[in-house]
Amino acid sequence: MELRDFFPMWDKLEPGQREALENALGRRSVKKDQIIHSGDMECTGLYLIQSGQLRAYILSEEGREISIYRLFPRDVCLFSASCIMRSIQFQVTIQAEKDSLLYVIPAEIYKGLMEQSAPLANYTNEIMASRFSEVMWLIEQVMWKSFDKRLAAFLLEESALEGSTLLKTTHELIAKHLGSAREVVTRMLRYFQSEGMVRLSRGAIELSDPEALEALRDG
């Protein structure tokens with residue numbers, strides 16, 4: 001995957017701007033569960049995901065996690081370089097959900113090129129707007145959607161991502177994604193099992209009736 005694959009406006013950049021991005025480019029390999037950025041870290045730079053999967057989450061005052069979005073190959077992670085956006089004060093933690101390969105562009109280089117290139121600045125603003133839309137969607141889900149529907153939606157999303165109805169995950173990890181307590185997740189999963197929608201085993205959840213989960217999610 002080349003650098004230009006991450007920037008649909010690549011051909012609108014000046015040759016010198018493209019060269020500056022390529023010369024500044026670094027590479028980083030991260031392991032599953034590794035924290036690569038947290039709110040109290042310095043501005044670590046712009047991450048471009050070559051392979052793998054990242055999770056962005058926020059922490060409550062009590063230390064409870066809730067996922068706000070995920071990043072996949074060809075995605076650009078802006079919050080790790082939030083210092084390039086002066087008005088953004090967002091305490092986000094970025095964690096690798098899978099072993100991942102990343103491109104890294106230093107924040108100061110990217111910020112300088114944004115000031116020179118309107119197409120690059122516009123594209124960056126589009127990404128930021130998209131991320132905030134995801135955050136607002138999450139807030140809406142938490143405020144107005146019952147937990148059983150949110151859990152059903154999460155299980156179906158995981159199944160689609162992994163291409164399997166057998167999910168290798170834990171109740172604790174699901175709780176972190178959904179901003180809930182492990183005990184709440186366990187109770188709801190046991191209810192799903194009693195209704196024949198899932199089968200539970202140690203470290204795994206099998207979606208035995210995806211159609212029923214879909215009906216719950218959409219109902």
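User: Which residue in S11 does Leu166 stand opposite?

Analyst: Leu166 faces Glu206 there. This is a predicted model, where local features need pLDDT of at least 70, side-chain atom pairs count only at pLDDT 80 or more, and totals for chains, interfaces and linings use all residues. Residues are numbered from 1 along each chain as its sequence is written, and side-chain values use heavy atoms, without hydrogens and water.

User: What makes S9 and strand S11 (residues 204-207) a pair?

Analyst: Strands (DSSP runs of E, at least two residues; helices are runs of H or I, at least four) pair if DSSP finds at least two bridges between them. S9 and S11 are joined by 2 bridges, so they qualify, and they run antiparallel.

User: And why are S9 and S10 called edge strands?

Analyst: The open sheet has 3 strands in the order S9-S11-S10, with antiparallel pairing. S9 (166-167) and S10 (198-201) each have a single partner strand, so one side of each lacks a neighbour in the sheet. Helix H4 (residues 147-162) packs on this sheet, touching S9, S10 and S11.

User: Is Phe6 buried or exposed?

Analyst: Buried is under 20% relative accessible area, exposed over 50%, partly exposed in between (1.4 Å probe, protein chains only). Phe6 has 1%, so it counts as buried, and Tyr103, at 4%, is buried too. Phe7 and Tyr123 are also edge-to-face, at 5.9 Å centre to centre and 70 degrees between the planes. Phe7 sits before H1 and Tyr123 in helix H3 (residues 118-144), so this pair links parts 116 residues apart.

User: What makes Arg131 a charge over the ring of Tyr69?

Analyst: The rule asks for NZ of Lys or CZ of Arg within 6 Å of the ring centre and within 35 degrees of the ring normal. The charged end of Arg131 sits over the Tyr69 ring, 4.8 Å from its centre.

User: Which residues have the most contacts inside the largest nonpolar core?

Analyst: Phe7, Leu48 and Ile105 do, in a core of 40 residues. H3 gives the most to this core, with 6 residues.

Notes
Contact = heavy atoms within 4.5 Å. Axes fitted to C-alpha atoms, helices over the stretch in contact; angles between N-to-C directions. Phe/Tyr/Trp six-rings, centres within 6.5 Å; stacked < 30°, edge-to-face > 60°. Core = buried A, V, L, I, M, F, W, Y, C linked by side-chain atoms within 4.5 Å.
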